[in-house]
Amino acid sequence: MLNWKRRRECSIVALVSWQYRVTFNPDQCGGQPCVRGMRIRVKDVLDLLLAKVSHSEILLDYPYLEEADLRACLDYESHVSHGSSHFPES
């Protein structure tokens, strides 16, 4: 079992992961969260994962995406679904 300090460190790593890969631009995709400034929405990636498309198949179909992008989309969704704002307060 992870101790409190280790759990906090894991949370910080997950937070950093999506914050550097999930971007928001009001002039792109209607301001929806996108992956690394590209015109692929986080929602599109999550929809593929929800449809049980494998990571390797997504990466094959979208060669400009990286495994870390897929994890960042999941981390972002987890962050938002727990009632947090898009970006945490500093």
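Visitor: At what relative accessibility does Tyr-62 stand, and is the residue buried or exposed, or partly exposed?

Guide: This is a predicted model, in which local features need pLDDT of at least 70, side-chain atom pairs count only at pLDDT 80 or more, and totals for chains, interfaces and linings use all residues. Residues are numbered from 1 along each chain as its sequence is written, and side-chain values use heavy atoms, with hydrogens and water left out. Buried means under 20% relative accessible area, exposed over 50%, and partly exposed in between, with a 1.4 Å probe and protein chains only. Tyr-62 therefore counts as partly exposed, its relative accessibility being 26%.

Visitor: Why is the pair formed by the rings of Tyr-62 and Tyr-64 classed as it is?

Guide: Rings of Phe, Tyr and Trp (its six-membered ring) pair if their centres lie within 6.5 Å; planes under 30 degrees apart count as stacked, over 60 as edge-to-face and the rest as tilted. Tyr-64 is partly exposed, at 42% relative accessibility. The ring centres of Tyr-62 and Tyr-64 are 6.0 Å apart and the planes stand at 80°, so the pair is edge-to-face.

Visitor: How many aromatic pairs does the structure hold?

Guide: One of the pairs is that of Trp-18 and Tyr-76, edge-to-face, with 5.2 Å centre to centre and 65° between the planes. Trp-18, Phe-24 and Tyr-76 form one aromatic cluster. The number of aromatic pairs in the structure is three.

Visitor: How many residues apart are Trp-18 and Tyr-76, and in which helices do they lie?

Guide: Trp-18 is buried, with a relative accessible area of 1%, and Tyr-76 is buried at 4%. Helices are DSSP runs (H or I, at least four residues), as are strands (E, at least two), numbered from the N terminus. The pair links distant parts of the chain, 58 residues apart: Trp-18 lies in helix α1 (residues 4-19) and Tyr-76 in helix α4 (residues 67-81).

Visitor: Which pattern does the chain follow along the sequence?

Guide: The chain has four helices and two strands. Read along the sequence, their pattern is α-β-β-α-α-α.

Visitor: How many disulfides does the structure hold?

Guide: A disulfide is a pair of cysteine sulfur atoms within 2.5 Å. Cys-34 is in no disulfide, and the nearest cysteine sulfur, that of Cys-29, is 3.8 Å away. Cys-73 is likewise in no disulfide, with the nearest cysteine sulfur, that of Cys-34, 9.6 Å away. The number of disulfides in the structure is zero.
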